[in-house]
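I opened my notebook for a friendly look through this model. Here are my entries, in the order I made them.

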Amino acid sequence: GLIFYDTKVTVMNRVLNATVQRTADHAAPEITLDPLEIVGGEIRSSENSYFCQAARQLGCVPSSQLCVKLASGGDPTYAFNIRFTGEEVHGTSGSFRHFLWQVCKELQSSSLSLLLLCPSSAVNKNKGKYILTPSPITYAEEQLFHFFGQLLGIAIRADVPLPLDLLPSFWKTLVGEPLDPDLDLQEADILTYNYVKKFENINDETELEALCAEIASQHLATESPDCPNKPCCKFTYLTMTGEEVELCPRGRHIPVGWENKDVYAAAIRSLRMRELQTPECMTAVRAGLGSIIPLQLLTTLTPLEMELRTCGLPYINLEFLKAHTMYQVGLMETDQHIEFFWSALEMFTQEELCKFIKFACNQERIPFTCPCKDGGPDTAHVPPYPMKIAPPDGAAGT
């Protein structure tokens with residue numbers, strides 16, 4: 001945290017360009033995607049998604065072939081080229097960026113089960129934020145998590161920010177920072193956090209009885225075996241995916257009482273912390289990421305910096321966009337219609353600006369930093385820069 005982010009990015013970029021494994025004389029791997037498999041936006045099965053179509057086809061490509069130099073101005077080098085069946089697309093940039101945008105939409109929808117909406121979003125906290133789905137994974141799912149990690153690395157090398165909305169706990173675990181059992185639980189699952197706090201803050205047995213009665217009214221508790229009319233909780237709790245699990249051996253048969261209420265609260269907290277860390281899934285994600293960029297780089301980045309490097313900022317900075325726009329022959333920034341253009345964009349909401357960027361650059365977010373401002377000989381604008389504004393094709397008219 002003592003080093004400036006721009007300094008870290010400079011070092012990171014140098015390392016990424018020093019670890020290129022696919023040289024210019026090697027053709028880029030090409031994958032073919034069939035848009036008809038997801039026609040109408042409805043993905044009938046996850047296997048038809050762009051994510052799974054790409055994972056299958058890249059499964060037989062050595063990961064070293066995906067380690068390319070950082071994209072810079074001109075025609076950038078991407079990890080792989082994409083051909084859409086039945087569509088004639090010029091150049092590789094547009095289809096590659098469209099693919100990344102579509103894949104992020106799939107990951108944050110019900111068509112793929114790799115990511116899960118954080119429970120807090122059900123009560124309007126961290127709305128729309130995702131975590132890795134915390135459940136035992138099959139070999140096939142492990143391969144998909146591995147590919148997800150590769151995509152994070154591929155986006156970093158391509159400098160195309162991914163429109164992913166993941167909780168800070170994901171980035172913390174990715175860079176190897178410990179989670180905060182209070183703050184991260186509150187961010188991810190405010191209801192469980194409040195539930196645990198109630199048990200931790202009880203002062204006497206009467207309050208405990210009242211709490212168990214309140215929980216019983218929500219069908220979470222059963223009657224005590226000793227006193228049939230007195231409700232009590234057992235050592236079980238629901239996982240984030242909705243399954244009831246025992247918090248200790250024979251937990252279903254152990255009632256929560258005054259002497260073990262703190263153990264019960266700690267067990268629930270520990271269950272949620274394990275679910276947020278998802279060691280099996282995260283190991284696969286890190287392995288995928290490590291096959292594209294050196295994992296040692298992550299030791300210098302804070303979780304927020306890693307998120308910025310991978311996903312950019314979730315809003316469009318118009319001044320930054322202006323500074324990185326090029327005007328083709330015959331046009332100047334002071335032309336009246338160009339001034340009108342920027343005035344119009346200044347009136348856009350953030351949502352409209354994202355749609356404009358999607359229309360103009362085929363991605364929803366713009367990079368957070370650009371090497372051009374550092375000066376020096378290799379300071380070409382990074383895609384989607386320069387955003388070019390060209391004169392009209394026809395000479396007639398105003």
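My notes below go through salt bridges, one lysine, one threonine and the cavities.

**Ground rules.** I am working with a predicted model, where local features need pLDDT of at least 70, side-chain atom pairs count only at pLDDT 80 or more, and totals for chains, interfaces and linings use all residues. Residues are numbered from 1 along each chain as its sequence is written, and side-chain values use heavy atoms, with hydrogens and water left out.

**Salt bridges.** I took a salt bridge to be a side-chain nitrogen of Lys or Arg within 4 Å of a carboxyl oxygen of Asp or Glu. By this rule I found 18 salt bridges.

I looked up Glu305 and Lys8, whose side chains form a salt bridge at 2.7 Å, N to O. The pair links distant parts of the chain, 297 residues apart: Glu305 sits in helix H11 (residues 303-311) and Lys8 in helix H1 (residues 5-18). Buried here means under 20% relative accessible area, exposed over 50%, and partly exposed in between (1.4 Å probe, protein chains only). Glu305 counts as buried because its relative accessibility is 10%, and Lys8 is buried at 6%.

Next I turned to Arg272 and Asp189, which meet in a salt bridge of 2.8 Å, N to O. Arg272 is buried at 4% relative accessibility, and Asp189 is buried with a relative accessible area of 4%.

I then checked Glu244 and Arg252, a salt bridge with its closest N and O atoms 3.4 Å apart. Glu244 is partly exposed at 46%, and Arg252 is partly exposed at 41%. I also noted one network, in which salt bridges that share partners join Asp182, Lys197, Glu200 and Arg269.

**Lys358.** What does Lys358 have around it, leaving aside its neighbours within four places in sequence? I found it in contact (heavy atoms within 4.5 Å) with His98, Trp101 and Gln363. Lys358 belongs to helix H14 (residues 350-361). Lys358 is buried but has no salt bridge, and the nearest side chain of opposite charge, Glu364, is 7.3 Å away. For charge, Lys and Arg count as positive and Asp and Glu as negative, while His and the chain ends are not counted. I did find a polar contact of 3.4 Å between the side chains of Lys358 and His98. A polar contact is a pair of N or O atoms within 3.5 Å; within protein, one must be able to donate a hydrogen and the other to accept it, and residues adjacent in sequence count only if both atoms are side-chain atoms.

**Thr206.** Is Thr206 buried or exposed? Thr206 counts as exposed because its relative accessibility is 60%. Thr206 lies in helix H8 (residues 205-217), and its C-alpha atom is 9.7 Å from that of Trp258, 52 residues apart along the chain.

**Cavities.** I counted 2 cavities of 30 Å³ or more. On a 1 Å grid over the protein atoms alone, a cavity is a set of points where a 1.4 Å probe fits but cannot get out, and lining residues have an atom within 4 Å of a point. The largest cavity has a volume of about 50 Å³, a volume being the space filled by probe spheres set on the points, with grid points joined across faces, edges and corners. Its lining includes Ile131, Ser169, Phe170 and Glu275.

Key: Helices (H or I, at least four residues) and strands (E, at least two) are DSSP runs, numbered from the N terminus. On a 1 Å grid over the protein atoms alone, a cavity is a set of points where a 1.4 Å probe fits but cannot get out, and a pocket is an open set with protein on both sides within 12 Å along at least five of seven lines; lining residues have an atom within 4 Å of a point.
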